[in-house]
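Work through the exercises below with the model in view. Try each task before reading its solution.

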Amino acid sequence: MSDAAPATPPRERVALVLGAGGARGLAQIGVIEALLARDVEIVAVAGSSIGALVGGVFAANKLDAYRDWLCGLGRNAMLRLLDPGLGVSLFRGERLLHTLRELVGEPRIEDLPIDYTAVAVDLARQREVWLRRGDLWDAIRASFAIPGIFTPHVVHGRELVDGGLLAPLPITATRLSDAQRLVAVDMHGWPRRPVEDAPAADDGEPTSRLARWWSAHFGDGDGNGAPQAPRAMGFSELMARSLDTMQAQISRVHLALDPPDLVIRIPRDACGFYEFWRARELVELGRDCAERALDAAE
């Protein structure tokens, strides 16, 4: 009889779709960590907006460094990464992009160890664009160029904006992979609490003038982390909620028409659209949501 140990079964090959959804998208870091803990092999990633950012950093094998950096940032430090824009948008995004390049490096998409697609939108041609070659940060910057918030980004002579406008959950962009299972992360899951009961977050930092300005324009409390009485929404808050509503509806249609093998849903009230300083709790939330979905699928 042979004493040879039984062969280790091959790991399941997974294609991962990461959705748009503002700061909630940071929960997708925890989702990836939960998937890797189950010993699956993620062979392809497609993402829109924040999903393109998280997916690109993962594809560059820098997710741990990115997570640790994010979790160390408070609100004031995060806001200092935003450079004011001129004309059509609030921010240029150059300072943020420079910081991310220093943290992650400057790989080209075709050199990444896994298949990666960032989805953006060409407004002139009114169609989605799949960015699968070239500078990683050009693709990511184009994919998160939320109209009115970040200026459009020019790639190959085309002005591109946020992929979430047309493909907030870019399932189709993974069909070129040879994965065994398709997993999608929907950022518009059922809320955990009634909207009127949702508390504002307090990161414990002293409130800067910039943070007070942000709160006044983006509606996340009074600048000190305390909830405000109901009030009329500002322009930016109204735009964010409108974009979120549109993305939720489009995502539902895409899920119905082209259902993945597994959907991991992040509650849509996990945080405010712009509350990126809540990274630590969002990563934990994403890990918990993924583990529950994976357990239920077994």
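**Exercise 1.** List the buried residues of helix 2.

*Solution.* They are I50, G51, A52, L53, V54, G55, G56, V57, F58 and A59. Buried means under 20% relative accessible area, exposed over 50%, and partly exposed in between (1.4 Å probe, protein chains only). Helices (H or I, at least four residues) and strands (E, at least two) are DSSP runs, numbered from the N terminus. Next, look past its end: N61 follows helix 2 and has a positive phi, near 65 degrees.

This is a predicted model: local features need pLDDT of at least 70, side-chain atom pairs count only at pLDDT 80 or more, and totals for chains, interfaces and linings use all residues. Residues are numbered from 1 along each chain as its sequence is written, and side-chain values use heavy atoms, leaving out hydrogens and water.

**Exercise 2.** Find the strands joined to strand 7.

*Solution.* Start with strand 7 itself, residues 181-189: nine of its nine residues are buried. Two strands pair if DSSP finds at least two bridges between them. Strand 1 (residues 13-18) runs parallel to strand 7, with five bridges. There, A15 has L182 as its bridge partner. Strand 8 (residues 262-267) is also parallel to strand 7, again through five bridges. Here V183 stands opposite L262.

**Exercise 3.** Describe the surroundings of H254.

*Solution.* H254 is partly exposed, at 23% relative accessible area. Leaving aside residues up to four places away in sequence, H254 contacts (heavy atoms within 4.5 Å) L166, A167, L169, I171 and P259. Finally, the C-alpha atoms of H254 and P168 are 9.0 Å apart, though 86 residues separate them along the chain.
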